[in-house]
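Here is a short tour of one protein chain, written to be read with the model open beside you. Please have a viewer ready and follow along.

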Amino acid sequence: MSTTPCEAQTGDQFRVAFREEALDLLRQLESLLLSLGEGEADPEQVSSIFRMLHTVKGSGAMFGFTILSAFTHDLENAFDAVRGGRLVLSRDLIEITLEASDVMRDLVLNDDAGEQEPRMALVGRVRKLVAATTTSPQSSSPSSTLDEARPAMTATSGPRRWRIEFAPGLDTMRYGADPALLVRELGRMGSLRAVVDLDALPSLAEIDPERCYMRWKISLHTDADLLQIREVFLFVEDTCELSIEPETEDVQPAPSAAVAQPAPENPADATVIAPQVTETTQDPRSGRGPRRPQDMVENATAIRVATGKLDQLVNLVGELVTVQARLSEIASRYDDGDISAVAEEIERLSAALRESSMSARMMPIRDTFERFRRLVYDLARDLGKNVRLSMEGCETELDKTVLDQLGDPLMHLIRNSMDHGLETTDQRAATGKPVECSLRLHARYSGANVLITVSDDGRGIDSARVRQRAVEKGIIAADAALTEAEVFGLIFEPGFSTASEVTDLSGRGVGMDVVRRNIEHLRGSIEVVSHAGKGTSITLRIPLTLAIIDGLLVSVGEQYFVLPLAQALECIEISRSEIDNAEGKHLIKVRGEVVAYIRLRDYFGIEADLPEFEQVMLVTTDAGRYGLVVDRVLGDCQTMVKSLGRLYRNVNELSGATVLGNGGVALILDPHRLVQECIRGVMPATRLLARSPVMGDTPVRASTDNRNSGSNSPKIVPISQTAA
Amino acid sequence: MGTVMSLESRCEAGVSQVRFSNQADLSDAAELKAMLLELLSPPATALTIDLSEVSELHVSILQLLWAAAHEAQVRKVTCQILQPEDHGVLDGLVDIGLSLPSNVESTQEPAA
């Protein structure tokens, strides 16, 4: 005797997909719940919540999350009652559902369901609410167990008989759905008689065991309406043939036998089902025919793709961009029209490919913002503050990688604002402020960056106190001369806190330094503006993408730089005599407007022959228009941003490096930071110690040494010219 | 998720038995199909499918049972299905319009 033990597999890929979808749904559910006001039962929103709960329950059951499915059932009932007008949408119900969404999230994420008692307590509260307010006798008698609970139906014009024809798509089971569960769910709605048609079943040799060949003819007697019946098929509607019609007198009722077994023509077939032919008719109410699998493919507008695959795609495109630059460079050296034409075509295609692959990674910031609704809601309740959260610019898109890393910094900023910035209702009333605090999340584009602002109308930052605390902690010297912006910047120092007491939320000095670290890791920057008694506004400047940018290739001597094209305005020629006649003032007149410029040659201490004419690249920055003086402007280029590595992490003026078509390396400038550094004009001598990728083995460091320019500009100079 | 299912087969002189227990779900279908095809191949004369210890039957398994019953009929192999002892399994199927195929009596001459 041979024995073949086999274990039931878990269908991991389906469970992973379900987890992702369920988490998305729970996030949306939370946002919707938080947007609902007590007693304000916007029918569309309530229906959306019901559908989300229904989805979590239904697909949870399909993919083996049975505890989740059972737990969600009573909530679904409650919102069904709300949408049916039998239950008032109370603050209690919203609170319970929010708590329940946390439990559901745990059940989605963890295979271990944890203790049953807290879940049952929540279910008990839901049932109590429903029982207390609902007028439906069916709903007012709570079931003794979760599994026995039955959904409440909207009372329409009494029970009715429906004829349902359901043919699951061939691949329904492959996608994790179990058609039997759907028919079983229909059965819970009332009295059901079903006939299965196996006409399409192939022979044993030909059958694909994972495909579904069954069709159901169902007669259902229920209180439920068409919408409620259709909702049972919510997840498979796109891939199945489905017809739901009220049974009329002229419609032949489904046979009473559970399985149709018509008399066979051949007595030998007597024991096998002779399948019935079932034709699916159009749904006259919906005005559309049954949807077939091919419709689904044609209608699909979005698919889920693992971010790892997108990362790989972008990396490959980046490599392609580098190779394309090399091809263009080679083509420029040969006077061959054919090669040039191919090079141009490849350039055009790689640019289009780059755009497409990058856009696939861009996501609106909405989800990131929405996540904080719950945080603000919970904190406001715990702190006894009345806070109105507003969001603007939610459609602003950022690279997925960037968005993923924004969650923590934003959370710390919001917590800090809620705990320290915003006052209690009493404190606000005492100062004549509106009792409702305002917390605002705002995102907008600024060139190749996105500015994300967290602002509040709270008490503001007390700069004197920040300074005093920084001195006490030894972060700055007592006589340090700092601008107000620099003082505010101290709140991001590790261990810094002005809070007199440590709370659960903040005060330990941990958090804001995380904000700065994370934002700098994203090659972003932070700006704080605060007015005592009026509020604080913290703006994060984040690059749109960390992968590939459009740039303008410029050179100073043998050194190449890339300037982000989004910040470049125009190019103006300046002669050596104009520079000499300026008497050290780095100013140029552009159509009557005086513009300050930074000479990269001087700033970075690059020693090379001076050309007769230099080029001033006008750039836009937060501090206004500035000129960057270079030797030559070589043209635009697609730039795969490469990290400069650990040694360059403190070089603010550079946002990365890229490999050029000729194999050389160009440094990518961050004009905004470059201008900031110049304005600040302060740079500790030992701040940078690095090795320039284009200067071979000549180490460079930042210095305030002025011997090249005579100005006060900090620069990168060969280490051999600086003190050790 | 999923209780471990065991699938066993035995074949002796054209008389075979397949027995499985616990939850029979989609992930077992491919293996069951291969097993059924093998056990219904010549010189098969009789096949017993023992579902007595099954606690749950997936639609995919049910389809295979129907296909196997039909195959047995075509090949003139006696096919007997031992029904689940747990009546809930059958009741659950009947509730949604499903059932197990009936036994197939062989018309094949016994082997000499």
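What follows looks at the chain as a whole, then at a pair of helices, and then at some aromatic rings.

**The chain overall**

Please keep in mind that this is a predicted model. Chain A contains 21 helices and 25 strands. Of its 724 residues, 48% are buried. Among contacts in chain A with a separation of 6 or more, 69% are between residues 24 or more positions apart.

**Two helices side by side**

Let us turn to helix α3 (residues 66-83) and helix α4 (residues 91-109), both of chain A. Their axes come within 10 Å and cross at roughly 155 degrees. Angles over 145 degrees count as roughly antiparallel, and α3(A) and α4(A) are therefore roughly antiparallel to each other. The crossing of α3(A) past α4(A) is left-handed.

Which residues make the contact? On the α3(A) side you will find A:Ile67, A:Leu68, A:Phe71, A:Thr72, A:Leu75, A:Ala78, A:Phe79 and A:Val82. From α4(A) come A:Leu93, A:Thr97, A:Ala100, A:Val103, A:Met104, A:Leu107 and A:Val108. Sorted by class, the contact of α3(A) with α4(A) has 13 nonpolar and 2 polar residues, with no charged ones.

**Aromatic pairs**

Over all chains, the structure holds 5 aromatic pairs. Two of these are set out here.

| Pair | Distance between ring centres | Angle between planes | Arrangement |
|---|---|---|---|
| A:Phe166 and A:Trp216 | 5.9 Å | 25 degrees | stacked |
| A:Tyr603 and A:Phe604 | 5.0 Å | 80 degrees | edge-to-face |

Where do A:Phe166 and A:Trp216 lie? A:Phe166 is in strand β2 (residues 160-167) of chain A, while A:Trp216 is in strand β4 (residues 215-222) of chain A, so the pair ties together parts that are 50 residues apart in sequence. The planes of A:Phe166 and A:Trp216 are at 25 degrees, so the pair is stacked, given that planes under 30 degrees apart count as stacked. A:Phe166 and A:Trp216 also belong to one aromatic cluster with A:Phe233.

A:Tyr603 is buried, at a relative accessible area of 2%, and A:Phe604 counts as buried at 3%.

Definitions and conventions
Residues are numbered from 1 along each chain as its sequence is written. Chains are lettered from A and ligands numbered from 1 in the order in which they are written. This is a predicted model: local features need pLDDT of at least 70, side-chain atom pairs count only at pLDDT 80 or more; totals for chains, interfaces and linings use all residues. Side-chain values use heavy atoms; hydrogens and water are left out. Axes are lines fitted to C-alpha atoms, for helices over the stretch in contact, and angles run from 0 to 180 degrees between N-to-C directions. Helices (H or I, at least four residues) and strands (E, at least two) are DSSP runs, numbered from the N terminus. Angles under 35 degrees count as roughly parallel, over 145 as roughly antiparallel, 65 to 115 as roughly perpendicular and the rest as oblique. A crossing is left-handed if the near helix is turned anticlockwise from the far one by less than a right angle, and right-handed if clockwise. Contact means heavy atoms within 4.5 Å. Ala, Val, Leu, Ile, Met, Phe, Trp, Tyr, Cys and Pro count as nonpolar, Asp, Glu, Lys and Arg as charged, and the others, Gly among them, as polar. Rings of Phe, Tyr and Trp (its six-membered ring) pair if their centres lie within 6.5 Å; planes under 30 degrees apart count as stacked, over 60 as edge-to-face and the rest as tilted. Buried means under 20% relative accessible area, exposed over 50%, partly exposed in between (1.4 Å probe, protein chains only).
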